[in-house]
2 protein chains.
Amino acid sequence: MTETETTMSERLDLFFHPRSIAVVGASNTPNTFGYLFMDYLVKAGYRGALYPVNPRNGEVLGFKSYPSLKDVPGDVDYVISCVAAGHVPELIRQCPAKKVRGVHLFTARMSETGDEEGRRIEQEIASEARRLGLILLGPNCMGLYHPGEGISYAYGLPGKPGRVGGIFQSGGLSINFIRYASLRGVAFSKVVSYGNASGINESDLLEYLAGDRETGLIVMYIEGVRDGRRFFKALREAAAVKPVLVLKGGKTGAGNRSTFSHTASIAGSTSAWEVLFRQCNAVQAADLDELVDLTVAFNFLPEITGKRVGVIGGSGGKVVLSADECEQAGLEVADFPEDVRGLIREREPRLENWLGNPVDFSILSGSGLMPGELMQIMARSSGFDFLICNVTEENPFDDIMWSQLITMETNEYLNILSAGIKPIVATVANPGLGMSHTGELRWRTLLEKREFLASHGIAVFSSVRGAATSVSKLVNYFLNRKRMQAGGAK
Amino acid sequence: MTETETTMSERLDLFFHPRSIAVVGASNTPNTFGYLFMDYLVKAGYRGALYPVNPRNGEVLGFKSYPSLKDVPGDVDYVISCVAAGHVPELIRQCPAKKVRGVHLFTARMSETGDEEGRRIEQEIASEARRLGLILLGPNCMGLYHPGEGISYAYGLPGKPGRVGGIFQSGGLSINFIRYASLRGVAFSKVVSYGNASGINESDLLEYLAGDRETGLIVMYIEGVRDGRRFFKALREAAAVKPVLVLKGGKTGAGNRSTFSHTASIAGSTSAWEVLFRQCNAVQAADLDELVDLTVAFNFLPEITGKRVGVIGGSGGKVVLSADECEQAGLEVADFPEDVRGLIREREPRLENWLGNPVDFSILSGSGLMPGELMQIMARSSGFDFLICNVTEENPFDDIMWSQLITMETNEYLNILSAGIKPIVATVANPGLGMSHTGELRWRTLLEKREFLASHGIAVFSSVRGAATSVSKLVNYFLNRKRMQAGGAK
């Protein structure tokens, strides 16, 4: 990294750990943004000084309010602007006197509207901020979610910090992403929504998170980039030190058109992006669901560098489809290695040639070999690099007995996990339940098992396809990284 | 159809509407199959005569039991065999005296075990049944789910009859399928699990359901077929009169290996299957989730023969990704047609060049144009063949206000549906909830909305990708059918 870049990361780190925040355009009117950004911070438990700025109010949400930024007593590290675009230049000019580190412009309706005046004012603001040495985040973005500091840009985001960092060109999408991933046990170091990127851009953030000790894994949603060459360098360097998962918006003609009205981005050619991601060893997600799946995989799994999967659980057609989906995802569904086959022969000779990988649990029925034992045998075999365990739904019993059976199954997953003998992921079906269905034992049990497994550190997926695709991409990432490191060392 | 085939369909129709059922091997021991098959029928409310057959008991589940089939008073239309394979030949020989129409062999452990004795006894049974003119369903299958007759092969399958017919080589998979599809408002005419198919096979069932008035749509899961040429003919003829959705198990080397131990099927080459499905205009699903999605689409949507989609709801990155996913699925995300643009110009001139398709609802915020109005404008435009409506999650408000907003949105979907002006589908996110999350207003609201929409006849999907893929395949099916009919008429 050059000296200037190092400096920007240091400045960003200070900016993202503010001792005080001013919300400019703060309001007591519920569901206005001046109210919401105050309330997000209050609800998230921000512990620094919080200054609402608004010419009309003496107090906002119980905090003493100031007519303008310059009236705030003492220094302000971080400014959130909720005022209209026309007021921003004056706000920017007041920043140096308060030793402001940077400004987050929630303020929007600039270049993304497609009109000339919007574009002009965005440029004016950016150049003024640059001249005054201010960090500028936005415009047209949600800003910073930093659970460790009690900073949030939405209601109900988890307060527990974790190791996933996010860089999102869409704040709304990032909120969905954070919510969905946290349902599956993922927690975040910080997520930044950066919108039109007229100041801080995706490359600045990538360089910062690559060096951030709070962050072990980077997740990105991008529509376009400001400087392709710099982004390439930043992405390659980041992916060399920690996994970078990327979802690219605007891969089609129609998507491309939409990125402009969203963030004034030019999305560019899809094939060029594919090449870039491959060359950088960034892990690409096909859609938001897959981005969540990949995050779950990289968050919970160790480094796996082999593709031989043992698949366990389920029966009949489910087993056949599991095999198909694993192989389609690029995994190797090898038949039982000799050590496994030998142990089966010892226990149940007549199953030796019938049982196979994936394991059909219904074949075990009536035999002396219990599902849990077979799981242990496979976990201990050197013939598999990891296991995919399907919570079995295909059995003929009533819901009470079924829920007892899958309790035994899922407890066995945890035994394997805690023994540390083999990486293991689980699949729990996720059909589209309605609220009334959650009153039924069957569906309630599935929801309980998913939560139980995720809360105990298991990567849970809703399908074999999702699990297989995610683990396959994880293995590729680590293999490529090794290969690139070896190449670089020559 | 030939005369023989017609006769088989008529015989199957009688077999599937039995006035009496004997469960051979019936038992009072909970969770044995002899108990379960009795209990499934009792719980499903079978109204015909029910005869348990078991040499040891006087009564099973409160029904008078008989030592052997020949001891049952009067005729028996339908026999369910839960006895071991070795007892089946004698059972078969007793059938003619009781005027039995056919036998469902739940009995398994025959050719699918891979050993010679299993294969021999399966052949012996099949030839004996053929000689005696008996319909044979199985072996190694769950049999018949026929809600209209109160016949079921699992607990908790819906009792309400509907128009979807199913042909499943895997009974366990069919149970999952029925459960998942019914959560989304689908109901069934009859589903048949046919296992090793040594008697009745997939072609017999296809011909039968093609002519069945209770069935408007056929769903299949197959691993292999007995007679490729006949299957081709049956599939092509069925798909010419009603949609046939197919999930093929065993598309890969590992999957292929599994089909043998499951149903002794040889899965065959994938490319040959692809050609067959295309030539027959069968609609192929990539996996079980997509099979459910397709069933929902074909169950609820009318015939759509154009691919111009209007996408509504959500904001920011969600809109960009919606556009990408629609276009990747082969839909046309056309920009606003002139009639729509004109109406927007009238109402909000400054939005004319900013708003586009997909519609980003956040752009409407603060304008005089309400989301519901814009939906109506798009629904009435001739520029769109159908609408995909995303229940909006990306908004900054608290959960109470958010749930009010999406209530307005979803009510508008129903207005469009009931006005019959434009086919409409909805997407409701389906993140992997745990049981504890269902206590939170946000997640509860999503579950409620999904159920509300499905129960009012809307095809609900959990992603734009799912919705777009399903509708695109639906349009292709109807376009191909027209083209093939026109070709055939020449």
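Q: Which residue is the bridge partner of Ile388(B) in β16(B)?
A: Val425(B) is the partner of Ile388(B) there. Keep in mind that this is a predicted model.

Q: How many bridges join β15 to β16 in chain B, and do the strands run parallel or antiparallel?
A: Four bridges link them, and the two strands run parallel. In chain B, β15 covers residues 386-390 and β16 covers residues 424-427.

Q: What order do the strands of that sheet have?
A: The order is β14-β15-β16-β17 in chain B, an open sheet of four strands with parallel pairing.

Q: Which strands stand at the edges?
A: β14 (309-312) and β17 (459-461) of chain B. Each has a single partner strand, so one side of each lacks a neighbour in the sheet.

Q: And what does the twist average?
A: From one strand to the next, the twist averages 25 degrees.

Q: Switching to the two chains. What rotation superposes chain B on chain A?
A: A rotation of 180 degrees, with 0.0 Å of shift along its axis and an RMSD of 0.0 Å. The two copies are therefore related as by a two-fold rotation axis.

Q: What about the surface that serves both copies?
A: The same surface is used by both: 100% of the contact residues of chain B recur in chain A.

Q: Last topic, confidence. What pLDDT does chain A average?
A: Chain A averages 93, and 96% of its residues score at least 70.

Q: And what are the ipTM and pTM of the model?
A: The model scores ipTM 0.94 and pTM 0.95.

How values were computed. Residues numbered from 1 in each chain as written. Chains lettered and ligands numbered in written order. Predicted model: local features only at pLDDT ≥ 70, side-chain atom pairs only at ≥ 80, totals over all residues. Heavy atoms only, no water. Pairing = 2+ DSSP bridges. Axes fitted to C-alpha atoms, helices over the stretch in contact; angles between N-to-C directions. pLDDT = per-residue confidence, 0-100. Least-squares fit on C-alpha atoms with pLDDT ≥ 70 in both. Contact = heavy atoms within 4.5 Å.
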